Every structure is written in structure tokens, then in C-alpha cells.
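Subject: Structure for you to look at

Hello,

Here is the structure I promised to pass on. Please open it and keep it beside you while you read my notes below.

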Amino acid sequence: MDIGRFLLTSITTTALAFVVGMFYAGFRRKITARVQNRVGPPVYQNFIDVVKLWSKKSNITHGVMQHLAPLWQIATSITTLMFIPILVDSTFFVNLTFKGDLIFLLYLMVVGSLGMALGAGEGGNPNSAIGVTRGLTQMIGFEIPWVMALVALMIQHQTTTIVGLMDVQQASGTWLMFSSPFAFLAALLAMPGMFRYSPFDIVGAPAELASGPISEFGGKYLGTLMTNGSIFAFVKLVLYVDIFMGGATNLVLLVVKTFVLYMFPVLWGLVSPRFRTEQSVRFFWGWPLFFGLLGILQAAFL
Amino acid sequence: MVNDKESRKIVDIIQDFARKSSLFVLAYGTGCGAIEIPPTMTSRYDAERFGIRGAATPRQADVLLITGYLATKSLKRVIRAYEQMQNPKYIIGFGSCTINGGMYWDSYNTINRLDMYMPVDVYINGCMPRPEAVIAGFAKLQKLIQAGKADGWERYQNNLEFYRKNQKKIIHNWVMPDYNW
């Protein structure tokens, strides 16, 4: 693959992730509004928000690390995107797959949050520090069932690549969500924690923590963080679809599958009050952990 | 397009459209008018359909909503919140108390005219204004932004001496960081 083609395809992939993720966030706001018996903003409202944030005329930072934190996050998200197959056997989209990339992704997906933790700490806002502490604690909660689900799949199918897992599903004809239901349940229950939607939104609760880690980020920094949020949401959804739902052969199918999957954390969040940190950790270490354990037992002994 | 002082470039028009359609509101509940904000935001009047939503911190906000009388003590906090906001930023004076003091006009511990201390873009009259009036005020602000005339933040920068003089008359123990924009 020559460098020009690589640049073109990687920019296209990123743009696709941005647009789809932004529209998902817009649909989330619209659905939230309809559930609350409101009209709600238009679905393209998030694009307007980002344009507005980028056209702010002053942007304050408190230091180099805070300046770099949104960049760090968005760089991590785009790097993660490059390692995830968007479509099955696609020759167009970038996919830097290598042996063991699933383990690599497990590490890479938390790097963005760590960069954000450093940046938020430099702002000196106590709300940021509290938010970061809660976020990292909650991450310990949902990472364990998520890793257990992936380990179960790795043991069962003797592969550590996403493409390997997709090939397994192609060969057998059944999705892994049906052939490994316990691993799927564990991963699915860990998902709202990964998205930080209600009931696990204590990290950036606007009313209690003044939006937590991002409280000192305004203007273009907030715009970058919103962009990153949409790209990373797309990354996570495509990863789930690839691993558990057999991937997608065309873009329409991809959008349908990811949207259906996205409705799970959204609709669960709409009817849930907010968990405290220890409650959310206790939740993740309850049923999701149990399902993860069952998944590993199924993989090892069945 | 000719770029003289009077005409505006296309990029300005796009940016102003985005600014107008996405207002993050920092509702500073200084006075009794704050009680009108929840019905404005929730399902009965639903301000979010115009792109108006709450912001958690001054850094993220575009509009500062002064909801009613300002006590001499809370004036200091409002000024700090305003100076932490990022340009361009707008102030909406909400209720009669921000215009001339309203029913507190001879009170010893409230200020009477808000625009002596901070640049107000839009006033909403009433004691207190109903949610319809609040949304009408926001619509007025959106019109001003689209026309490029909501320039309160520029007035604040250009007349900082004037505002500081008036502010320091009210706030005697002035221990505040410098305004850096």
C-alpha cells in the first residue's frame, strides 16, 4: 500500500467515523427528547455545536498538557479506528491488522482516558480531579468483564485477531453472540460503562461535578473532545459488531447493526437514575463478571 | 465578495449561523427569576429545539443568564464567571431587577442597573418573565447574533476601564485575577 492511497483511505475512514458518530449522537439527543415528551433539537445539532465551538475567538488553556489532552484523545481514537476492520474483507478501508491486535486494542482503548486524566489534572479544577478519580475507578469496574469476554473468545477460537474472529463467524455461519452467549452478555453489560451513559455517567455529571474532567475545557478544546466522542463511539460499536455480530459486508448493513447495538446503552440510560461510583463498580463485578466467568468456562470445557 | 467594513464574509455568516443555533447557557441563578428556567428547558416549552441547552461551567458557556436581582456580594461571582467565559459571549438580563432594580430599587445590598457593570446584549422585561418571554428574548439574541450585532464582549474589552471603575465602587475587597482574553 503506497503512502498516498493510505492517506486517502485513512482520511476517508476517519471522516466516515466522524459523520456516523455525530449523527448517532444527534439521534440520541432526539430520542432522549421524544422519550421526555419534547420536540428535541434537529439530528444535525451536534455538527452545529462543533462548528460553533471551533469558531470561538478565544481558547484558554492552563498549560501544555491540557492543550495536548484533547489531541491525545483524538489521536488514540483514530489509531484505534485504523486497527478495526470496518467491513468484512474490505479492500478500501484501512485495516492495520496484525497477530495479537485484540490484546493491543485492549491497551490502546484506555490510553485516551489516561491522557485526558493528565490534562484535566493540570487545569487545577477540583471537579476535574474528582471526575478523573471516579472515571478511573469505574474503568476498573467495566474493564474486567470486557476483558473476560474477549479472553473467552480468544481461548475458544485460538486466535488473537479481530479478523480471525470474523473468519470464524464467516466459516461457521453463526454470530458469536449466539455461539458464545455468556461472553456476549458480559461484553454487552460492560458497554454502557464504556460509553459512560446513564446510569454510569457519574464521571461527567453536569449537576454534581460541573461535567467533571472536561470542566476546564472550552472553545476548540471542547469541540475536539466532542469530535473525539463521536469517533470513539463509532469505533466501539464497530468493534462490537465485528466481534459478536459477524461484521458487515456493506455500509448500510454496518449502520443498521451499529445503530441497533447503540440503542442498548441509550435506551437503558433513559430509564436509569445515576449510580454512585461504588454502586457501578459493584454492578460490574456482579452479573457481568459472572457471565464473563461462565463464558471462559464454556470456552475452556465445552 | 468585497471585504470592506460593512459587508461580511461568507465564513462570518456561517460562523454566526452556528453561534446563533447553538447557545450553551450558563444560568446564574442569582434571583427569583431562576425558577422560570426549568419550565423553559423541560418538556412544556423545550428550549433545546432551538439549540439552547445548559452548560455546566463558564468555560463551556456562550450565554450568561442573569436571572433577577444581583446582590453586591454575588456581583463579584458573576463577574468572575463572565470573565472565565470564552469569546464571543453574551449576557441576557432577565427580569425588571436587571434593568432598573425593579422592586429592589432602593435596597441597600442590590445593584440597580446591570449594564453599568457588565455589557448586556438583551434584556427580558417582566417580574418575572414567563417562559414564552424568555424564549422570545433568546430569539431576539439569535437575531442579533445572526446580524453580527451582539457585540457585548467587544464593548467589555474596549471599555474595560469604565466597567472596572463601576465594579470597584461596589466591590471593596477586590481580590480577583486579571481578565485575560
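Along the sequence, chain B runs α-β-α-β-β-α-β-α-β-α-α-α. That gives seven helices and five strands. Bear in mind that this is a predicted model.

How does the radius of gyration of chain B agree with that of a compact globule? A compact globule of 181 residues would have a radius of gyration near 16 Å, and chain B has 16 Å, so the two agree.

Next, burial and surface. Of the 181 residues in chain B, 50% are buried. The accessible surface of chain B is about 8900 Å². Carbon and sulfur atoms account for 53% of that surface.

Now the contacts within chain B. Take those between residues at least 6 apart in sequence: 77% of them join residues at least 24 apart.

Then turn to chain A. Find helix α1 (residues 3-35) and helix α10 (residues 220-244). They pack with their axes 7 Å apart, at an angle of about 95°. Angles of 65 to 115 degrees count as roughly perpendicular, so α1(A) and α10(A) are roughly perpendicular to each other.

Which residues meet there? On the α1(A) side they include A:Phe18, A:Met22 and A:Tyr24. On the α10(A) side they include A:Ile231, A:Phe234 and A:Leu237. By class, this contact of α1(A) with α10(A) has nine nonpolar residues, four polar ones and no charged ones.

Best wishes

Technical notes: Residues numbered from 1 in each chain as written. Chains lettered and ligands numbered in written order. Predicted model: local features only at pLDDT ≥ 70, side-chain atom pairs only at ≥ 80, totals over all residues. Heavy atoms only, no water. Axes fitted to C-alpha atoms, helices over the stretch in contact; angles between N-to-C directions. Helix = DSSP H or I, 4+ residues; strand = E, 2+ residues; numbered from the N terminus. Parallel < 35°, antiparallel > 145°, perpendicular 65-115°, else oblique. Contact = heavy atoms within 4.5 Å. Nonpolar A, V, L, I, M, F, W, Y, C, P; charged D, E, K, R; others polar. Rg over C-alpha atoms; globule rule 2.2 N^0.38 Å. Buried < 20%, exposed > 50% of the residue type's maximum accessible area, 1.4 Å probe, protein only. Areas by Shrake-Rupley, 256 points an atom, 1.4 Å probe, with all protein chains shown as cover.
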